[in-house]
Amino acid sequence: MKLKLLILLMVLVQAVGGLFFISDIAMSVMGIERQPIDWQIREFMEIGAAVALLIGLLMSGVLLAQSQARLVRAEAQLRRASSAFMEVLESHFAQWGLTPAERDVAFFVLKGFSTAEVAAFRRTSEGTVKAQTNAIYRKAGVSGRGQLMSVFIDDLLADDLRNGRSPAPREDVD
(Lines give C-alpha, C1' and ligand atoms only; values in the text may rest on other atoms or scores of the structure.)
Protein backbone atom coordinates (compact mmCIF):
# COMPACT_ATOMS: atom_id res chain seq x y z
CA MET A 1 0.00 0.00 0.00
CA LYS A 2 2.86 2.40 0.84
CA LEU A 3 4.46 1.72 -2.52
CA LYS A 4 1.25 2.46 -4.42
CA LEU A 5 0.80 5.72 -2.52
CA LEU A 6 4.41 6.71 -3.18
CA ILE A 7 4.04 5.99 -6.90
CA LEU A 8 0.79 7.97 -7.05
CA LEU A 9 2.42 10.91 -5.27
CA MET A 10 5.41 10.76 -7.61
CA VAL A 11 3.19 10.80 -10.69
CA LEU A 12 1.10 13.65 -9.30
CA VAL A 13 4.15 15.78 -8.44
CA GLN A 14 5.68 15.25 -11.87
CA ALA A 15 2.36 15.93 -13.60
CA VAL A 16 1.85 19.24 -11.80
CA GLY A 17 5.39 20.40 -12.56
CA GLY A 18 5.21 19.29 -16.18
CA LEU A 19 1.75 20.79 -16.76
CA PHE A 20 2.92 24.15 -15.45
CA PHE A 21 5.74 24.39 -17.97
CA ILE A 22 3.77 22.88 -20.87
CA SER A 23 0.77 25.16 -20.31
CA ASP A 24 3.04 28.21 -20.12
CA ILE A 25 4.73 27.34 -23.41
CA ALA A 26 1.44 26.40 -25.11
CA MET A 27 -0.19 29.68 -24.08
CA SER A 28 2.78 31.64 -25.46
CA VAL A 29 2.77 29.73 -28.77
CA MET A 30 -1.00 30.13 -29.22
CA GLY A 31 -0.85 33.80 -28.31
CA ILE A 32 -3.28 33.44 -25.42
CA GLU A 33 -3.24 36.49 -23.24
CA ARG A 34 -2.54 35.94 -19.56
CA GLN A 35 -3.15 38.18 -16.65
CA PRO A 36 0.16 39.77 -15.83
CA ILE A 37 1.49 38.69 -12.48
CA ASP A 38 4.37 40.03 -10.48
CA TRP A 39 7.68 38.66 -11.81
CA GLN A 40 8.69 37.51 -8.31
CA ILE A 41 5.53 35.38 -7.96
CA ARG A 42 6.14 33.95 -11.42
CA GLU A 43 9.73 33.06 -10.49
CA PHE A 44 8.52 31.30 -7.32
CA MET A 45 5.97 29.36 -9.39
CA GLU A 46 8.67 28.28 -11.86
CA ILE A 47 11.05 27.33 -9.04
CA GLY A 48 8.23 25.35 -7.39
CA ALA A 49 7.46 23.51 -10.62
CA ALA A 50 11.15 22.75 -11.22
CA VAL A 51 11.53 21.50 -7.64
CA ALA A 52 8.45 19.32 -8.12
CA LEU A 53 10.02 17.74 -11.20
CA LEU A 54 13.30 17.19 -9.33
CA ILE A 55 11.43 15.58 -6.42
CA GLY A 56 9.66 13.33 -8.92
CA LEU A 57 13.02 12.39 -10.42
CA LEU A 58 14.45 11.65 -6.98
CA MET A 59 11.41 9.55 -6.03
CA SER A 60 11.73 7.64 -9.30
CA GLY A 61 15.34 6.84 -8.44
CA VAL A 62 14.36 5.64 -4.97
CA LEU A 63 11.60 3.43 -6.37
CA LEU A 64 13.95 2.03 -8.99
CA ALA A 65 16.55 1.20 -6.33
CA GLN A 66 13.87 -0.47 -4.18
CA SER A 67 12.64 -2.48 -7.16
CA GLN A 68 16.18 -3.59 -7.96
CA ALA A 69 16.75 -4.67 -4.34
CA ARG A 70 13.45 -6.59 -4.37
CA LEU A 71 14.45 -8.29 -7.63
CA VAL A 72 17.81 -9.35 -6.19
CA ARG A 73 16.08 -10.80 -3.09
CA ALA A 74 13.51 -12.63 -5.22
CA GLU A 75 16.23 -14.13 -7.43
CA ALA A 76 18.16 -15.29 -4.34
CA GLN A 77 15.00 -16.87 -2.92
CA LEU A 78 14.35 -18.60 -6.23
CA ARG A 79 17.89 -20.02 -6.28
CA ARG A 80 17.48 -21.28 -2.69
CA ALA A 81 14.08 -22.79 -3.49
CA SER A 82 15.42 -24.48 -6.61
CA SER A 83 18.38 -25.85 -4.69
CA ALA A 84 16.14 -27.06 -1.86
CA PHE A 85 13.80 -28.74 -4.35
CA MET A 86 16.69 -30.59 -5.98
CA GLU A 87 17.91 -31.73 -2.55
CA VAL A 88 14.43 -33.01 -1.70
CA LEU A 89 14.24 -34.79 -5.07
CA GLU A 90 17.59 -36.50 -4.64
CA SER A 91 16.77 -37.50 -1.07
CA HIS A 92 13.48 -39.14 -2.05
CA PHE A 93 14.89 -40.75 -5.17
CA ALA A 94 17.66 -42.34 -3.07
CA GLN A 95 15.21 -43.35 -0.31
CA TRP A 96 12.91 -45.02 -2.84
CA GLY A 97 15.81 -46.76 -4.55
CA LEU A 98 15.06 -45.43 -8.03
CA THR A 99 17.29 -46.56 -10.87
CA PRO A 100 19.02 -43.87 -12.97
CA ALA A 101 16.40 -44.36 -15.70
CA GLU A 102 13.55 -44.07 -13.17
CA ARG A 103 15.15 -40.90 -11.77
CA ASP A 104 15.12 -39.33 -15.24
CA VAL A 105 11.53 -40.35 -15.84
CA ALA A 106 10.44 -39.13 -12.39
CA PHE A 107 12.11 -35.78 -13.00
CA PHE A 108 10.35 -35.36 -16.35
CA VAL A 109 7.02 -36.45 -14.85
CA LEU A 110 7.42 -33.90 -12.05
CA LYS A 111 8.13 -31.22 -14.65
CA GLY A 112 4.75 -32.04 -16.19
CA PHE A 113 5.79 -33.75 -19.40
CA SER A 114 3.47 -36.34 -20.94
CA THR A 115 4.38 -39.99 -21.36
CA ALA A 116 4.93 -39.43 -25.09
CA GLU A 117 7.23 -36.45 -24.43
CA VAL A 118 9.24 -38.38 -21.83
CA ALA A 119 9.59 -41.28 -24.28
CA ALA A 120 10.83 -38.89 -26.97
CA PHE A 121 13.34 -37.24 -24.61
CA ARG A 122 14.69 -40.62 -23.50
CA ARG A 123 14.51 -42.18 -26.99
CA THR A 124 12.48 -45.12 -25.70
CA SER A 125 8.96 -46.45 -26.14
CA GLU A 126 5.93 -45.11 -24.33
CA GLY A 127 5.37 -48.58 -22.89
CA THR A 128 8.79 -48.48 -21.24
CA VAL A 129 8.05 -45.04 -19.78
CA LYS A 130 4.67 -46.26 -18.49
CA ALA A 131 6.35 -49.25 -16.84
CA GLN A 132 9.00 -47.02 -15.27
CA THR A 133 6.34 -44.54 -14.13
CA ASN A 134 4.35 -47.32 -12.47
CA ALA A 135 7.53 -48.56 -10.75
CA ILE A 136 8.18 -45.01 -9.48
CA TYR A 137 4.63 -44.68 -8.13
CA ARG A 138 4.88 -48.10 -6.45
CA LYS A 139 8.26 -47.31 -4.85
CA ALA A 140 7.02 -43.89 -3.72
CA GLY A 141 3.77 -45.32 -2.37
CA VAL A 142 1.58 -43.01 -4.47
CA SER A 143 -1.07 -43.62 -7.09
CA GLY A 144 -0.28 -40.94 -9.68
CA ARG A 145 1.42 -37.75 -10.78
CA GLY A 146 -0.53 -35.48 -8.46
CA GLN A 147 0.32 -37.49 -5.38
CA LEU A 148 3.95 -37.75 -6.45
CA MET A 149 4.19 -33.97 -6.77
CA SER A 150 2.43 -33.47 -3.44
CA VAL A 151 5.12 -35.54 -1.69
CA PHE A 152 7.71 -32.94 -2.71
CA ILE A 153 5.51 -29.92 -2.07
CA ASP A 154 4.65 -31.22 1.40
CA ASP A 155 8.35 -31.72 2.15
CA LEU A 156 9.26 -28.21 1.00
CA LEU A 157 6.45 -26.65 3.03
CA ALA A 158 7.35 -28.72 6.08
CA ASP A 159 10.99 -27.62 5.69
CA ASP A 160 9.90 -23.97 5.61
CA LEU A 161 7.88 -24.48 8.80
CA ARG A 162 10.78 -26.31 10.49
CA ASN A 163 13.06 -23.37 9.67
CA GLY A 164 10.60 -20.91 11.19
CA ARG A 165 9.38 -19.52 7.88
CA SER A 166 5.78 -19.51 6.89
CA PRO A 167 4.87 -19.71 3.22
CA ALA A 168 5.30 -16.22 1.76
CA PRO A 169 2.07 -14.27 1.31
CA ARG A 170 1.23 -13.28 -2.22
CA GLU A 171 1.77 -9.62 -3.04
CA ASP A 172 -0.96 -7.96 -5.06
CA VAL A 173 0.45 -6.52 -8.22
CA ASP A 174 -2.52 -4.53 -9.51
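In which helix is the place of His92?

Modeller: His92 has its place in helix α2. Keep in mind that this is a predicted model. His92 has a relative accessibility of 10%, and buried means under 20%, so His92 counts as buried. Setting aside the neighbours within four places in sequence, the residues in contact with His92 are Val151, Phe152 and Asp155. An α-helix has 3.6 residues a turn, so residues three or four places apart point the same way.

Helix α2 covers residues 39-96, and the buried residues of α1 pack against it. Those buried residues of α1 are Met10, Val13, Gly17, Gly18, Phe20 and Asp24. Helix α1 itself runs over residues 2-30, and its 29 residues should span 42 Å at 1.5 Å a residue. The C-alpha atoms at its ends are 41 Å apart, which agrees with that expectation. After α1 comes Gly31, with a positive phi near 75 degrees.

Helix α5 takes in residues 126-140, 15 residues in total, and from first C-alpha to last it reaches 21 Å, close to the 21 Å expected at 1.5 Å a residue. Its buried residues are Val129, Gln132, Thr133, Ala135, Ile136, Tyr137 and Ala140. Just after α5 stands Gly141, where phi is positive at about 75 degrees.

Now for the whole protein. It contains 6 helices and 0 strands, in the order α-α-α-α-α-α along the sequence. The C-alpha trace spans about 90 × 40 × 20 Å along its principal axes. The radius of gyration is 30 Å, whereas a compact globule of 174 residues would have one near 16 Å. His92 belongs to a buried set that makes up 21% of the 174 residues. Of the contacts with a separation of 6 or more, 61% are between residues 24 or more positions apart.

The protein exposes about 12400 Å², with 64% of that supplied by carbon and sulfur atoms. There are 19 positive and 19 negative side chains, and the centres of these two sets lie 9 Å apart.

Technical notes. Residues are numbered from 1 along each chain as its sequence is written. This is a predicted model: local features need pLDDT of at least 70, side-chain atom pairs count only at pLDDT 80 or more; totals for chains, interfaces and linings use all residues. Side-chain values use heavy atoms; hydrogens and water are left out. Helices (H or I, at least four residues) and strands (E, at least two) are DSSP runs, numbered from the N terminus. The expected span of a helix is 1.5 Å times one less than its number of residues. Buried means under 20% relative accessible area, exposed over 50%, partly exposed in between (1.4 Å probe, protein chains only). Contact means heavy atoms within 4.5 Å. The radius of gyration is taken over C-alpha atoms; the globule rule is 2.2 Å times the number of residues to the power 0.38. Accessible areas come from the Shrake-Rupley method with a 1.4 Å probe; for residues, only the protein chains shown count as cover. Lys and Arg count as positive and Asp and Glu as negative; His and the chain ends are not counted. The place of a charge is taken as NZ of Lys, CZ of Arg, CG of Asp or CD of Glu.
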